[in-house]
Amino acid sequence: MSSPTVSRAIPGAPAPAQRPSRRIGRLRDVALLPALILLVIIGAFLSPSFLTYPNLVSILGASAALAILVLAESLIILVGKFDLSLESTCGFAPAIGAMLVLPVASQGFGTGWPTWLAMFTVLVIGGVIGLLNGFMVVKLRLNAFIVTLAMLIVLRGMLVGVTKGGTLFDMPDAFFVLATTTILGLPLSVWIAGAAFALAGAILKYHRIGRALYAIGGNAPAARAAGIAVERITWGVFILGGVLAGFAGLIITGYVGAINANQGNGMIFTVFAAAVIGGISLDGGRGTMLGALSGVLLLGVVQNLLTLAQVPSFWIQAIYGVIILGSLMAARLTSGDTRG
Amino acid sequence: MAAAPPLVEAAGIAKRYGPTVALQDARIRVLPGETHALVGRNGAGKSTLVGILTGLIAADAGEVRFAGEPAPPLSDRAAWRERVACVYQHSTIIPDLSIAENLFIGCQPLRRGFIDWRRLRRDSATVLERWGVAVAPEMRAGDLTVEARQMVEIARSLSRGARFIILDEPTAQLDGEEIKRLFARMRELQAAGITFLFISHHLQEVYEICQTVTVMRDARHIVSAPVADLPKGLLIEAMTGEANSVGLIDAASRPRRPDAAAAVLRVEGLAGQDFAEVSLTVTAGEVVGLAGATSSGRTGVAETIAGLKPASAGTVALGGRALPPGDVRAAIAAGIGCVPKSRHAEGLVLGLSVGENATMTIGDRLGPLGFQRPKVKQAAGEQMIQSLGIVTQGTEQPVSGLSGGNQQKVVMARALASDPRLLVLIDPTAGVDVKSKQALLGHVDTSRQQGKAVIISSSEIEDLRICDRVEVMLHGRIVASHAAGWTEAALIAAMEGLSPE
């Protein structure tokens with residue numbers, strides 16, 4: 001009926017472009033793979049110890065906590081919100097947990113809670129912080145950026161306050177179990193982080209709540225009009241984010257072997273960088289777990305390389321920042337996306 | 001008259017986006033001082049042509065001339081602004097700035113390098129007065145009505161020297177009185193020598209305000225003629241490429257419904273933000289229209305029934321069971337499907353796929369425990385595409401890539417996905433071309449035959465023809481009820497609050 005050149009105006013035409021469009025969707029997920037491979041090659045030339053098994057395991061181990069935080073932040077960004085306070089939560093929550101166990105002599109509260117209960121409390125504290133953030137963002141409709149920035153400062157201050165700026169030692173071994181236990185050569189934390197990403201990825205793709213995150217982030221009023229419980233789910237994501245941040249705090253505690261008043265300080269920048277490099281759109285509604293994970297690994301490798309290359313430690317921060325900026329630009333170019 | 005060169009002339013314009021041909025040998029000649037209509041179905045290439053005429057899109061081939069002179073280079077925005085301006089459907093006003101600031105945005109009068117606020121206010125008052133826009137320059141621009149906003153945008157374009165103004169569906173968001181005032185202003189400006197290119201889906205308006213019409217179809221120029229030489233039938237034929245395709249469904253042609261049918265929806269004493277004391281009953285297989293101007297409250301009533309808005313009083317009962325107010329989930333679970341007022345605001349998540357959007361209301365019915373089995377989801381999406389005739393590359397295509405008509409069909413699919421007992425459709429054919437309109441109303445008819453109850457909230461005569469009964473709203477109340485077979489004049493009179501003669 002119409003001119004043959006107007007391909008989209010032919011009703012009932014077969015769907016020739018369906019395959020490619022799907023393939024492009026997957027391509028975007030692995031857009032960072034070339035960069036990652038390139039870094040590994042550079043690393044192999046740079047240092048003979050880079051491509052060794054112990055070093056690779058240490059990269060993964062060092063990335064596990066970041067991975068969990070990025071997972072949490074990615075879910076929150078997907079619904080179109082922010083949570084900056086995650087970095088404080090991952091210091092504050094385990095510190096309180098530890099102090100519930102420790103005697104007064106070791107700077108604890110002297111309450112002497114059983115270890116398992118205290119560790120569970122770490123997650124509960126994370127959840128409560130998420131609940132508060134969610135209340136202010138979802139119910140009071142305050143801006144997520146400023147609310148969670150304030151929460152970041154409050155929690156950081158409370159951590160310094162309760163620990164009097166000191167460092168907590170002497171926790172029961174269970175506090176370090178995530179880092180010290182190895183299964184099949186990999187730390188428990190790495191297995192858990194991997195499993196968490198797999199589970200989150202599956203839920204985002206195949207569960208209605210996962211799909212709802214995309215709908216809410218893409219257009220919240222439209223999601224609401226389609227019967228999605230926008231407020232409840234958004235709030236839930238904040239709570240989950242807090243719980244995960246508490247868990248990430250336990251991983252950090254395991255690796256460091258102590259909790260100091262600075263735990264998690266400055267991490268939120270790296271968390272956002274990894275998520276965005278990994279293709280999570282700050283506008284919400286777009287991005288995948290596979291992408292976020294590759295963002296984490298990329299930054300993990302970079303961090304490791306900087307150490308191996310014996311970059312003077314005073315300069316590591318600056319170079320790391322420059323590399324993140326470069327990766328952001330590269331990620332934009334490789335994904336060929338003009339949005340978000 | 002033949003001596004004057006056309007004010008704007010575009011010839012041989014071609015534009016491709018990848019494999020999609022947006023324009024091919026498109027052309028248009030607008031004579032000075034005329035009001036020229038540009039019509040065509042969604043996707044016919046109107047927006048691309050407007051983009052090229054305003055210098056925002058680079059054509060692959062062809063030439064644009066203004067008053068015989070070649071168009072300035074695309075980078076010279078100032079030169080383009082002097083020649084042509086476009087008032088888009090979506091506001092380009094910055095809501096939190098004053099009207100004065102909006103008028104002179106980017107070219108504020110300066111004194112010693114700083115903004116001269118006193119002159120800015122004085123100049124803007126002059127501009128508003130000269131073009132007869134009765135608003136205060138210090139007012140916050142976001143508080144303007146759509147009508148006043150359009151007038152401010154027109155005044156802004158005129159103040160920058162443009163004497164050729166493109167109006168992109170200016171009447172889409174206006175009600176009857178406002179449209180009349182807009183047309184009166186357009187006539188005044190036309191008399192003052194301003195030339196308009198007028199884009200609208202409402203052909204009646206083309207006959208009312210325009211002297212010449214250019215029709216586009218499938219990315220091409222079809223015909224340009226004085227409106228007097230192109231009666232409505234021919235115009236529609238030129239737009240659709242088919243003769244006699246205007247056959248929209250009219251409820252008056254089907255047998256009258258028996259009154260005894262079971263009531264599906266019973267609304268009693270409903271009140272909300274902009275309406276009160278609304279009671280109505282819809283039975284199975286019945287289509288009820290809610291007619292009225294944009295501000296009549298008809299949208300609020302429909303949204304409240306669908307759970308999109310809370311009610312301040314009254315009840316909505318579906319099949320005898322009262323629904324909790326303001327709860328979309330409960331409404332969907334009870335069996336209400338809704339096409340919201342704006343597909344961009346509430347109807348679609350543009351970045352997500354056709355399949356995802358079409359199954360959004362049934363996220364929990366695609367597998368066990370809330371998990372969605374890819375096969376089931378794919379099948380549901382494909383079935384929707386089929387039954388609604390959505391032209392798409394497949395379930396995976398993002399809806400942002402569809403034409404307006406097909407996007408609206410996806411919204412309809414979303415409403416129908418849950419197999420509702422009651423359909424609530426708000427402006428279901430807004431901004432949709434003639435053929436998609438027919439298709440969408442066809443689905444309403446199918447739903448009716450399946451025994452679904454339907455409410456259509458609209459001010460479009462064509463949407464309301466399909467209704468067994470039309471309830472007319474004015475200032476938040478139902479003021480009249482017309483059974484099928486009403487005359488257009490009577491219905492419009494009731495909607496405008498005029499007593500029928």
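Chain B is divided into domain 1 (8–93 + 144–240), domain 2 (247–335 + 421–501) and domain 3 (350–419). These bounds come from an automatic or database domain assignment. The model is predicted: local features need pLDDT of at least 70, side-chain atom pairs count only at pLDDT 80 or more, and totals for chains, interfaces and linings use all residues. Residues are numbered from 1 along each chain as its sequence is written, while chains are lettered from A and ligands numbered from 1 in the order in which they are written.

**Domains 2 and 3 of chain B**

Taken over C-alpha atoms, the centres of domain 2 and domain 3 of chain B are separated by 25 Å. Their contact takes nine residues from domain 2 of chain B and ten residues from domain 3 of chain B. Two residues are in contact if their C-beta atoms, placed from the backbone, lie within 7 Å. On the domain 2 side, helix H15 (residues 434–449) of chain B gives the largest share, four residues. Helices (H or I, at least four residues) and strands (E, at least two) are DSSP runs, numbered from the N terminus.

**A six-stranded sheet**

Six strands of chain B form an open sheet, in the order E6-E9-E10-E3-E11-E12, with mixed pairing. Two strands pair if DSSP finds at least two bridges between them. Strands of a sheet pair through backbone hydrogen bonds, either parallel or antiparallel. Strand E6 (85–87) and strand E12 (220–226) of chain B are the edges, and each pairs on one side only. Neighbouring strands are turned by 20 degrees against each other on average, direction ignored. Helix H5 (residues 146–159) of chain B packs on this sheet, touching E6 and strand E9 (164–168) of chain B. The direction of H5 makes about 175 degrees with that of E6(B). Axes are lines fitted to C-alpha atoms, for helices over the stretch in contact, and angles run from 0 to 180 degrees between N-to-C directions.

| Strand pair | Sense | Bridges |
|---|---|---|
| E3(B) (residues 35–39) and E11(B) (residues 212–217) | parallel | four bridges |
| E18(B) (residues 336–339) and E19(B) (residues 422–426) | parallel | four bridges |

Val39(B) has Val215(B) as its bridge partner in E11(B). Gly337(B) stands opposite Leu423(B) in E19(B). In E18(B), Ile336(B) and Cys338(B) point one way, Gly337(B) and Val339(B) the other way, and all are buried. A residue is buried if 20 or more other C-beta atoms lie within 10 Å of its own, exposed if 12 or fewer, and partly exposed in between; C-beta atoms are placed from the backbone.

**Nonpolar cores**

The largest nonpolar core has 177 residues. Such a core is a set of buried Ala, Val, Leu, Ile, Met, Phe, Trp, Tyr and Cys residues joined through C-beta atoms within 7 Å. Its largest share, 14 residues, comes from helix H3 (residues 53–78) of chain A. Domain 2 and domain 3 of chain B both give residues to this core, so the core lies between them. Ile68(A), Leu69(A) and Val424(B) have the most contacts inside the core. Ile68(A) touches residues including Ala193(A), Leu244(A) and Phe247(A). A second, separate core of 66 residues includes Ile28(B) and Val133(B).

**Chain A and two loops**

Chain A has 14 helices and four strands. Buried residues make up 47% of its 340 residues. Lys164(A) lies in the loop between helix H6 (144–163) and strand E1 (167–168) of chain A. Lys164(A) has a positive phi of about 50 degrees although it is not a glycine. In chain B, Leu369(B) has a positive phi of about 55 degrees, and it is not a glycine either.

Note on methods: Lists of a residue's contacts leave out its neighbours within four places in sequence.
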